[in-house]
Amino acid sequence: MAAESCVPRPLFGGAISTAFPARFQVQDVSNIREVPDHQEVFVDPARDESLIFELLDLKGEVDDAGSALWFLRDIANEQDAGDNLVVEHSGTLELAGLRLGEAPAVARTSAGQLAVSKGRQGREAQNIVRLYLANIRLKDAATDVLITAYEPLLIKHSALYLGTLDASAVELGET
């Protein structure tokens, strides 16, 4: 598979910048859910994928080594999917291009599958999604940076809001 073209993106009014695939667009998702000021949300409407950047107060009570898994479980519980979360991965990633003082920053990562509904839709509209999560802990700034990406694996027709798919349940292949 060819590498996707990435474009630089300012986040949070330019306070942070990153680069990710151009197919992700800024889109108003407020008709699905409220987007608070501490989040930046990008979507790929053709694939029904989303990418979310979030700045949170540092969760000091959460151990560094298990922070990504803690946040993955927290998100699953917030989406009423805690009972069906299947954890696929949990690990550590060194970010050579991001430094905190002299040392490179470290991101804790985790990934899992869960059944979720969009917005206020019920269980009959649950999609199976893979959730990728990275947590960068900025202790000097008392901040947890969360980067989450949602990749749909099975989309139910009743859950579609973009109108790009038309089957009653669409199973998406690995990309």
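**Aromatic pairs and nonpolar cores**

A search of the whole structure finds five aromatic pairs, where rings of Phe, Tyr and Trp (its six-membered ring) pair if their centres lie within 6.5 Å, with planes under 30 degrees apart counted as stacked, over 60 as edge-to-face and the rest as tilted. This is a predicted model, in which local features need pLDDT of at least 70 and side-chain atom pairs count only at pLDDT 80 or more, while totals for chains, interfaces and linings use all residues. Residues are numbered from 1 along each chain as its sequence is written, and side-chain values use heavy atoms, leaving out hydrogens and water.

**Aromatic pairs**

- Phe20 and Phe42 form an edge-to-face pair, 4.8 Å centre to centre with 65° between the planes.
- Phe20 lies in strand β2 (residues 16-21) and Phe42 in strand β4 (residues 39-44), so this pair ties together parts that are 22 residues apart in sequence; strands are DSSP runs (E, at least two residues) and helices likewise (H or I, at least four), numbered from the N terminus.
- Both Phe20 and Phe42 are buried, a term for under 20% relative accessible area, with exposed over 50% and partly exposed in between (1.4 Å probe, protein chains only).
- Ring pairs link Phe20, Phe24, Phe42 and Phe53 into a cluster.

**Nonpolar cores**

- In the largest nonpolar core, which has 18 residues, Leu114, Leu131, Leu133 and Tyr150 touch the most other members; such a core is a set of buried Ala, Val, Leu, Ile, Met, Phe, Trp, Tyr and Cys residues joined through side-chain atoms within 4.5 Å.
- α1 gives the most to this core, with six residues.
- A second, separate core of seven residues includes Leu11, Phe12, Phe24 and Phe53.
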